[in-house]
Each structure stands twice: as structure tokens, then as C-alpha cells.
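Visitor: Could you take me on a close look at the surroundings of the ligand? I would like to see what lines them and what they are built on.

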Amino acid sequence: MTTVKTLEHDWVNKLPEQLLSTDGDALLYQEFLEQEKADNYLSVLKDTILWKHQPIKLFGKEILQPRLTAYFGEGQYHYSGIAMEAQIFPPILLELKAQIDKVSGVQFNAVLLNLYRDGNDNIGWHSDDESDLAEGSVIASLSLGETRRFIFRRRDNHSCRIERKLSHGDLLIMRDQTQKFWQHQVPKTGKKIAPKIQPRINLTFRVININ
Ligand SMILES: O=C(O)CCC(=O)C(=O)O
Ligand SMILES: [Mn+2]
């Protein structure tokens, strides 16, 4: 069984940073997972998850997503014109979910994983507001591996942006009106350095409506 050694950690005492001053609530817990624990999760997830290269529909055309994905949960998840079939949570994800449920005060029932293989992989501007999600529901996003830029922009004023670097072990919790008023993205890195950028895994824990 692939579980990760649990280490004592004092995250409960760490204060998060509030990233949005208006119309939303996005809390960043830097180093939510300490280095050794984050290293273990990264290597186990990279090697044991069945990563898929899935198509999405963009302006009526099917294209491959610029990253690999996997989805675990209690029901199908629909986004960008595709239906993600749910796989049952393996022990390693249940272990992570327990820690993230605790800090966020939410019982998540689904998790979407992204593997950014290098700096060419990315996720474009979007809000996590699919109809499978309860409106205003909490999203908890854990980053492992390479540090990448994460940018918010206001939906009604694209020049109003807030940017942070998300690093190994960081946890970002998005709540309240965040998805209604803001979009987010993880852009590509510069072309020259892209092939040298190491892999990054992001896990977004979600609450989906079960029919
Ligand atoms: O990789 C990230 O930090 C964000 C991923 C994301 O926004 C998503 O999966 O909806
Ligand atoms: Mn998102």
C-alpha cells in the first residue's frame, strides 16, 4: 500500500495570507506540508496515479489539454465539454484529504489532479464554477513540485491582477465569492526555459453535487 509517513507539523499555528482584498476570499498557507512530507507525496503521486492526456472542447474543436489529469470522487465531473469518470480515492489521497478537510473545515468529496510536465504545460483563464460544484463552494488547492506562477484577474476588469508563486507544499483555499468575481490561471513559462522546468502536481479538492 502506498501511504506516506505522517510527520508532526505545526501548520495549525501558521496564519494564512489573504490574497484578495475584495469580492472573494483566497487564503494561502505557505509550506502547509513540510518539505520531507511534500517530497514523499510528490514522488508517490507521480509514479502511482494513472495520468491521462484528455481532450477538451474549445470553440467547438477538440484539443488535448496542455497538462495531464486524473480525477477521484463520488460522481462524474464535467468541464470544458468533457465528463471525467470518477476513480475511487486511493489511501494516499484519503490521507491528504483528511489533513485538508481539517484545515478548511470542509468535507471534500472529489479531487482533480493536474500534472504539469514542464513549463509548456499550463491552465488557461477560468473560474471553478462548473454546475457540478455547489455555488460558492470551497476549493482547496495543494501544490507539489516545481514553483509556478498563479494569477488571479477580476472577471469585470482583466487588468486588475493578483499574482503569487505557488511552491512545493503550499495550500491555497478559495472560498465565498472568489469564483464569481475572479478567474485564475497558471501560465506557461518562457519558451527557452520551459523544457527545463521540473514537473508540478496540483490537487484541487472540491465538493461536487451527487445526484
Ligand atoms: O494548478 C493550479 O494551481 C490550478 C489548477 C486549477 O485551477 C484547476 O484545476 O481548476
Ligand atoms: Mn481552477
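Guide: By class, the shell around ligand 1 has five nonpolar, six polar and one charged residues. Here Ala, Val, Leu, Ile, Met, Phe, Trp, Tyr, Cys and Pro count as nonpolar, Asp, Glu, Lys and Arg as charged, and the others, Gly among them, as polar. This is a predicted model, in which local features need pLDDT of at least 70 and side-chain atom pairs count only at pLDDT 80 or more, while totals for chains, interfaces and linings use all residues. Residues are numbered from 1 along each chain as its sequence is written, and chains are lettered from A and ligands numbered from 1 in the order in which they are written.

Let's meet the shell itself. Among the residues surrounding ligand 1 are Leu112, Asn114, Asp128, Ser141, Phe150, His184 and Thr204; a residue is near a molecule if its C-beta atom, placed from the backbone, lies within 6 Å of it. At least two shell residues come from each of strand E8 (110–116), strand E10 (139–145), strand E14 (182–186) and strand E15 (200–206). Strands (E, at least two residues) and helices (H or I, at least four) are DSSP runs, numbered from the N terminus.

Now for the sheets behind these strands. E10, E15 and E8 belong to an open, antiparallel sheet of seven strands, ordered E1-E2-E13-E10-E15-E8-E5. Strand E1 (17–18) and strand E5 (68–73) stand at its edges with a single partner strand each, so one side of each is left without a neighbour in the sheet. Two strands pair if DSSP finds at least two bridges between them; E10 and strand E13 (residues 171–175) are joined by four, running antiparallel. Isoleucine 139 has methionine 174 in E13 as its bridge partner. Helix H1 (residues 35–48) lies across E10 and E15, at about 90° to E10; axes are lines fitted to C-alpha atoms, for helices over the stretch in contact, and angles run from 0 to 180 degrees between N-to-C directions. Contact means that the C-beta atoms of two residues, placed from the backbone, lie within 7 Å.

E14 sits in another open sheet, where four strands pair antiparallel in the order E9-E14-E11-E12. Strand E11 (residues 148–154) and E14 share four bridges, and isoleucine 151 stands opposite glutamine 185 in E14.

How far can you trust the picture? The protein averages a pLDDT of 92, and 93% of the residues score at least 70; pLDDT is the predictor's confidence in each residue, from 0 to 100.
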